[in-house]
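I am new to it.

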Amino acid sequence: MSDFDFVVASNRDRVMMLEGGFCETPEKTVKEAILMAKDANKKIIGLIEELVEVVGKTKVPVPVATETEELKAKIVKDYKKEMESAFAKKAEKEFGGDEVVALAKTIAEEYGKEYTQKAIEEALDALFKKQARDNILTKGKRVDGRKIDEVRPLSADVGILPRTHGSAVFARGQTQVLTVATLGTPSLEQLIESPMGEEAKRYIHHYSMPPYSVGETGRVGTPSRREVGHGALAERALLSVIPPEEEFPYTIRLVSEVMSSNGSTSMASTCASTLSLMDAGVPIKEPVAGISIGLMTDKKKFVLLTDIMGIEDFAGDMDFKVAGTKNGVTAIQLDMKVDGITDEIIEGTFQLAKDARVKILAKMLSVIPASRKTLSQYAPKVQVVKIPVEKIGEVIGPGGKMIRNIIAQTGATVDVEDDGSVMISGVDQLAVQKAVDWVTGLTRDVTVNEEFEGEVKRILPFGAFVEILPGKEGMVHVSQMSTGYVNSPDEVVKLGQKVHVRVMEIDDQHRINLSMLFGEDAKKAPVRERREGGDRPRRPFNRGPRRF
C-alpha cells in the first residue's frame, strides 16, 4: 500500500497542478515524486505532440480588449488621488470595497454614457491588483506591510462550546474558523455507494463559509462546489493522523464554520479541526497545521509570499496550500493562474510552508499541549469486545431475546458484527461497563473447579440456579448444598442471596453444574435419591452422567 496518493499535471518544464494526500511524508520525498511525475508526463506529452502534427489545427488567437486598457489609462489620469484613497480602504478587508464602488459610481456619472458602472468597477479592480503586484515585485511591500515570509498574528482557543464534544477557534489575521467535533458510535459511520462497491467512512469533515464571513447577506443552502472542495482538502490533511478504529472506536464528524475570511480558510479549518479533535480527547498521532504560499511573478523574477491575504490571492499567480505535521506533509493543493511553476519555486514554497507550519504548531500547542485524556461527559462511551464467531448466537439469543434483554437491562446500545466484534456504547459509563461484563460473561468459557461468588436467581424443588457471571447461570442440586439431607432448597438459600460456589462439571450440552461444598465436605455429599421429574432412585455423581 502506498504512503501517499499524488496527482501531478505538468508540461515539459513546469508544473501546472498538484493534488495529494500524504502520511507525514518528508518534503524531500514529495519533491522527488514531483520530478519523477514530470519525467513520466514528458512521454505522454510526446505522444500528444505527435497527434497534433497529424490532426492538429491552428489555435485561434485571443483578441486583446483595447477598450479596457483605454478606460484604465483614463481613470489613472483623472482620478489618481481618489483611486489611491479607495484602494487603501479596500486593502483593509478581503471583500471590502464600498469605497471603490462609490468611486466607480462617481466616475460613471462624470463619464456619462461612454462607460457603464460595471466596466468602471472592473477597471478599478484590475488597477488595484496591478498596484498590489507592482509594490511586491519592485519594493517587496505587501498590502498590509508584512514581510514576505511573515505569518499574520495568530490566536486560538479550545472548549469554547461547553455542550459539544470538542470545539476550537483558530484565527490567522482576519481569517477566523470555528470547528466543532462530534463523536458518535461506530454504527453512525457514513455508508457510500461507489463504482467499486459499498464503503464506509468513520471520519467526516464538513466545511461551511456563510455569507456573513465576507460581510454580506445571502441565502444559506446546500454546500457550494467551493465548500465541498475545501472540506475535502481539510479532511485529507487530517486523515493520516486519525487513530484506527481498533484504538479509538468512534465515528468522528468535524464541522468547520468560517466566521471571518481573508485568505486561506481551508488551512485555517485544518488548524481549528486539529485543536477541536484534541479538545474532544481524540488521540491523534500528531497535530496538523496548514498554510498557503502565494506567488507574484513578471516572467523575469518571482516573489513567494507566506500566508497570503485575499487580495494577494486574487492579484497573485499562485495559491499553494501545504498541510502537515512536524514530521512531514499530509496534504497539498496547488491553484495557479500562470503557465506553470518551476522546480525552484516548488522548492522555495516547501521551505516557506515548513517554516510557517512550525510557528503555527507552536502556537497551537501552547493552547493545548496534547489531546485530553478523557472524553466529554456528553460524548458516548464506546467499548469493543471481541468474541469467538461461534459464540455470537449466545449473545444474540433465540430470536434476539438475549441481546434485547442486555439492552433493556443496561440501557446501552449493543451491535454485533459478523467477525465477532461487539460494539457497546452509551452515554453512561456504568451502563456500558455493565453490558460489557454481561457479554464477556456470556461468552467466557468456565472450567471445572473454578470458584465464583454468585447470586441465587431461581429456586426449584430440586435445586437453585445461581448466576456466576453476567448472563451465565449454573445449577446447584440439593445434594450439593449441604453434607446432610436437604428436603427443599429453601432451607439453605434464598432468592438474591450471594453464595460461594465451584464448578463441579460441564455436561455434554454445555450446562454448568455447581456445588456449594468444598474440600472434605465435597466427598461427603449424599447420593441423590430423586430427580426433579419425580421420585426415582438416583446414582451418585461419581457413577456416571446424569440428566435433568
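The questions below take up the labels one by one.

Q: What kind of model is this, and how are its residues numbered?
A: This is a predicted model, in which local features need pLDDT of at least 70 and side-chain atom pairs count only at pLDDT 80 or more, while totals for chains, interfaces and linings use all residues. Residues are numbered from 1 along each chain as its sequence is written, and side-chain values use heavy atoms, with hydrogens and water left out.

Q: How many helices and strands does the chain have?
A: The chain has 13 helices and 21 strands. Helices (H or I, at least four residues) and strands (E, at least two) are DSSP runs, numbered from the N terminus.

Q: Why is F6 called buried?
A: Buried means under 20% relative accessible area, exposed over 50%, and partly exposed in between (1.4 Å probe, protein chains only). F6 has 17%, so F6 is buried.

Q: Why is F4 called partly exposed?
A: F4 has 24% relative accessibility, so F4 counts as partly exposed.

Q: What makes F4 and F6 an edge-to-face pair?
A: Rings of Phe, Tyr and Trp (its six-membered ring) pair if their centres lie within 6.5 Å; planes under 30 degrees apart count as stacked, over 60 as edge-to-face and the rest as tilted. The rings of F4 and F6 are 6.3 Å apart, centre to centre, with 80 degrees between the planes, and the pair is therefore edge-to-face. Ring pairs link F4, F6 and F22 into a cluster.

Q: Why is the pair of F248 and Y250 called tilted?
A: The ring centres of F248 and Y250 are 4.6 Å apart and the planes are at 35 degrees, so the pair is tilted. F248 counts as buried at 6% relative accessibility, and Y250 counts as buried at 5%.

Q: Is S264 buried or exposed?
A: S264 has a relative accessible area of 12%, so S264 is buried. S264 lies in the loop between β9 (251-260) and α7 (265-280), and has a positive phi of about 55 degrees although S264 is not a glycine.

Q: Why is N449 called exposed?
A: N449 has a relative accessible area of 54%, so N449 is exposed. N449 is found in the loop between α12 (429-443) and β17 (451-460).
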